[in-house]
Every structure is written in C-alpha cells, then in structure tokens.
Amino acid sequence: MKWLRIILVACASALPIGLSALPATADAQEALAQGPLDGMVFVGKIGAKGAPDLDDELHFQDGKFWSVNCIECGFQPGAYWVRRVGDAVRFRGELTGERGTLAYAGEVVGDRIEVSINWTKSRWYWRIDRELEFSGTFKPSALAYSVERAITTATTAQPELVPACTR
C-alpha cells in the first residue's frame, strides 16, 4: 500500500496548477476540462525559429489550447499542462493532425508568452523536423472561441488552400 501512496503523491504533484487543490470528490472528467490559462488569448507572430513572421493567435479554453493558423492547417486542439515557476507559468502540449505533431513548450510571464514549437512528421522515406516559435502578448479584450469551433475548423480544414500551410 505504501507504493500506492507514493504514486498518488507523484501524480498529484504533476497536475496542472489549480487542479491539485480540487476536492477528492470532484469528477475527474470535469477536473481535466479546466486549466489555469483557460480563457486567455495571446496575439503575436509564429514562424521559423528566430524569424516568426506570420500573425497568429494562441487560444486556451476548457483545458485545451490551439493556434488559429494551426487549426486552419488541420491540427486538432490539444490538452495542455502547466507548472508555476516563480512568476512564470510554463506549459506544454501537443497539436496533432494529418500533417504531423506540433509539440509546444512555452512560458507566460506577465502579459507575454514565448513558445518553442517542434513540428515533426515521419514517413518511411522522409521526416519533417522543424523548429518554430510563437511570441505574443495577452489580449484581455479577446475571447477564446469554443473548443467545438476549433475542432470543427481543424476537421474541415483544407490546408492545400491555405498559403500559411504550404510554407
């Protein structure tokens, strides 16, 4: 039984900020649908590491996150996890789609966000492995639109018709 307590303590410490304080009777599904960055929208630039040049928005809602440009390229919204480190909130998450996986690792300090993104896709004869970045500012007047709308946008996306997806 001692090993079970150790596992539970280790798992509780890995929960997103705010979730570890939920009462033990909270519904697990509901707990996973909340996140400390929920409702936040950051506007800025996304692109190749060192030279982000494309306007974008990074949304956080209902425990999920997405980039407007990425869902238009068919990447589905993904869950995110956070950890508070001093004044910063660090987050990680992945967006997946037919075009591969975008692994996000970012940090929010004040109203600024800096994100490193690793885009990978493997095929039997080639592999995409590109470093991207997003840099932006919190936009308090912006509303994160619903996860359902983001999923619908990603599902019905036609990346071949979107210039940003062919870069």
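Analyst: One term before the details. Two strands count as paired if DSSP finds at least two bridges between them. Also, this is a predicted model.

User: Good. Which residue in β6 is the bridge partner of Val 89?
Analyst: Val 108 is the bridge partner of Val 89. β6 covers residues 100-109 and pairs with β5 in the antiparallel sense. That pairing runs over 10 bridges.

User: How many residues are in the hairpin that joins β5 to β6?
Analyst: The hairpin passes from β5 to β6 through 2 residues.

User: And β4 with β5, how many bridges there?
Analyst: There are 6 bridges between β4, residues 78-85, and β5, residues 88-97. These two strands run antiparallel. Trp 81 has Arg 92 in β5 as its bridge partner.

User: What sits in the turn between β4 and β5?
Analyst: The β4-β5 hairpin has 2 residues between its strands. Gly 86 is in that turn, with a positive phi of about 60 degrees.

User: Zoom out. What do the strands build?
Analyst: A closed barrel of 8 strands, in the order β1-β2-β3-β4-β5-β6-β7-β8, with antiparallel pairing. On average, neighbouring strands of this sheet are turned by 30 degrees against each other, ignoring direction.

User: How many bridges join β1 to β8?
Analyst: 7 bridges join β1, residues 41-48, to β8, residues 127-138. They run antiparallel too. Opposite Gly 47 stands Glu 133 in β8.

User: Where do the helices come in the order of elements?
Analyst: The chain has 4 helices and 8 strands. From the N terminus, the order is α-α-β-β-β-α-β-β-β-β-β-α.

User: Side chains in a strand: how do they point?
Analyst: In a regular strand they alternate between the two faces of the sheet.

User: Pick a residue. Is Thr 120 buried or exposed?
Analyst: Thr 120 has 18% relative accessibility, so it counts as buried. The cut-off for buried is under 20%. Thr 120 belongs to β7, residues 112-122.

User: New topic: aromatics. How many aromatic pairs are there?
Analyst: The count is 10. One of them is Phe 60 with Tyr 80, an edge-to-face pair. Their centres are 5.0 Å apart, and the planes are at 80 degrees.

User: Why does that pair tie separate parts together?
Analyst: Phe 60 lies in β2, residues 51-61, and Tyr 80 lies in β4, so the pair links parts 20 residues apart in sequence. Both Phe 60 and Tyr 80 are buried.

User: Which residues form the aromatic cluster?
Analyst: Phe 42, Phe 60, Phe 65, Tyr 80, Phe 91, Tyr 104 and Phe 138 form one cluster.

User: Which charged residue lies over the face of Tyr 145?
Analyst: Arg 149, at 3.8 Å from the ring centre of Tyr 145.

User: Last one, whole-chain numbers. What share of the residues is buried?
Analyst: 36% of the 167 residues are buried. The chain exposes about 9900 Å², with 56% of it from carbon and sulfur atoms. Of the contacts with a separation of 6 or more, 45% involve residues 24 or more positions apart.

Definitions and conventions: Residues are numbered from 1 along each chain as its sequence is written. This is a predicted model: local features need pLDDT of at least 70, side-chain atom pairs count only at pLDDT 80 or more; totals for chains, interfaces and linings use all residues. Side-chain values use heavy atoms; hydrogens and water are left out. Axes are lines fitted to C-alpha atoms, for helices over the stretch in contact, and angles run from 0 to 180 degrees between N-to-C directions. Buried means under 20% relative accessible area, exposed over 50%, partly exposed in between (1.4 Å probe, protein chains only). Contact means heavy atoms within 4.5 Å. Accessible areas come from the Shrake-Rupley method with a 1.4 Å probe; for residues, only the protein chains shown count as cover. Rings of Phe, Tyr and Trp (its six-membered ring) pair if their centres lie within 6.5 Å; planes under 30 degrees apart count as stacked, over 60 as edge-to-face and the rest as tilted. A charge sits over a ring if NZ of Lys or CZ of Arg is within 6 Å of the ring centre and within 35 degrees of the ring normal.
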